[in-house]
Amino acid sequence: MSDPSPFAQGIPRVDEGSDGRDDLLHAISLRYRAPLRGFFAKRVRDASEVDDLTQEVFLHLLRRARGGAIEHVEQYVFQVAANVLRDWARRRKVRAMDVQESFDEDLHQPATDISPERVLLGEEAVRVMTAVLQSLPERTRDVFVLRTMEKRKYTEISVMLGISVRAAEKHMAKALARLGGALDWAPEGE
């Protein structure tokens with residue numbers, strides 16, 4: 001298949017002061033703009049990106065033509081297009097990693113609003129629980145700590161303290177009843 005364009009033999013060298021440069025660029029644009037746009041449109045979603053990438057190929061062609069004649073223009077144009085696309089994807093990936101989410105007060109609200117009053121109520125509940133635990137008989141307190149804090153089974157607790165499993169369960173029930181009674185003053189949902 002023969003290339004009907006004036007570029008069948010390549011793009012001639014373009015000198016900085018050449019008056020024919022604009023004509024040459026216009027001819028290149030007419031010949032390759034549509035095929036390049038199609039090339040990029042198949043690979044890039046955003047139409048404005050397609051135009052930018054196409055323009056970047058033309059800039060490469062212009063720079064290259066200043067250095068000497070370009071032979072096998074069509075292959076060269078699409079090799080440049082592939083390189084431009086690869087560079088664009090690389091830049092986009094780097095930018096995506098650098099994107100920082102801006103602070104939006106509405107989106108970044110804490111999951112629960114903890115008022116100063118609620119903080120004080122929580123601190124008071126901790127003080128009450130601590131006082132109740134300290135007032136429990138030693139064995140009841142030991143059973144409670146082993147069961148709740150150390151996640152021991154009743155059988156282990158009974159062996160450790162030398163009591164029956166049933167006695168360990170009763171001590172735990174006693175501790176829970178005293179703690180629950182002390183915290184009855186707390187409002188619903190607290």
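**Entry 1: ground rules**

I noted that this is a predicted model, in which local features need pLDDT of at least 70 and side-chain atom pairs count only at pLDDT 80 or more, while totals for chains, interfaces and linings use all residues. Residues are numbered from 1 along each chain as its sequence is written, and side-chain values use heavy atoms, with hydrogens and water left out.

I then checked the confidence, given as pLDDT (the predictor's confidence in each residue, from 0 to 100). The protein averages a pLDDT of 79, and 74% of the residues score at least 70. Over residues 1–9 the pLDDT is below 50, and I found that this stretch has 13 contacts in the model beyond near neighbours in sequence, where contact means heavy atoms within 4.5 Å.

**Entry 2: the protein as a whole**

I recorded seven helices and zero strands, following the pattern α-α-α-α-α-α-α when read along the sequence. Both kinds of element are DSSP runs numbered from the N terminus (helices are H or I with at least four residues, strands are E with at least two). Of the 190 residues in the protein, 24% are buried; buried means under 20% relative accessible area, exposed means over 50%, and partly exposed lies in between, with a 1.4 Å probe and protein chains only. Among the contacts with a separation of 6 or more, I noted that 61% are between residues 24 or more positions apart.

**Entry 3: Arg178 again**

Not counting residues up to four places away in sequence, Arg178 touches Val132, Ser135 and Leu136. I also looked at Leu133, which is 45 residues from Arg178 along the chain, and the C-alpha atoms of the two are separated by 8.6 Å.

Two packed helices are described by the angle between their axes and the distance between the axes. Here the axes are lines fitted to C-alpha atoms, for helices over the stretch in contact, and angles run from 0 to 180 degrees between N-to-C directions. For naming the angles I kept to these limits: under 35 degrees is roughly parallel, over 145 roughly antiparallel, 65 to 115 roughly perpendicular, and the rest oblique.

I began with helix H5 (residues 138–148) and helix H6 (residues 154–161), which pack at an angle of about 140° with their axes 10 Å apart, and are therefore oblique to each other. In this contact, Arg139, Asp142, Val143, Leu146 and Arg147 of H5 meet Tyr154, Ile157, Met160 and Leu161 of H6. The residues of this contact of H5 with H6 divide into six nonpolar, no polar and three charged (nonpolar are Ala, Val, Leu, Ile, Met, Phe, Trp, Tyr, Cys and Pro; charged are Asp, Glu, Lys and Arg; the others, Gly among them, are polar).

Next I turned to H5 and H7, with an angle of about 90° and axes 8 Å apart; these two helices are therefore roughly perpendicular to each other. On the H5 side, the residues in this contact include Thr140 and Phe144, and on the H7 side they include His171 and Leu179. By class, the contact of H5 with H7 has seven nonpolar, three polar and three charged residues.

H6 and H7 pack at about 100° with their axes 8 Å apart, and are therefore roughly perpendicular to each other. Tyr154, Thr155, Ile157 and Ser158 in H6 meet Val165, Ala168, Glu169 and Met172 in H7, and I noted five nonpolar, two polar and one charged residues in this contact.

**Entry 4: single residues**

Is Ser158 buried or exposed? Ser158, found in helix H6, is buried, with a relative accessible area of 9%. Leaving aside its neighbours within four places in sequence, Ser158 is in contact with Ile163, Ser164 and Val165.

Lys151 is found in the loop between H5 and H6, and at 64% relative accessibility Lys151 counts as exposed. Most residues other than glycine have a negative phi. I noted that Lys151 has a positive phi of about 55° although it is not a glycine.

Last, I looked up Thr54 in helix H2 (residues 47–67), which is buried with a relative accessible area of 0%. Beyond residues up to four places away in sequence, Thr54 touches Arg33, Leu36, Arg37 and Phe40.
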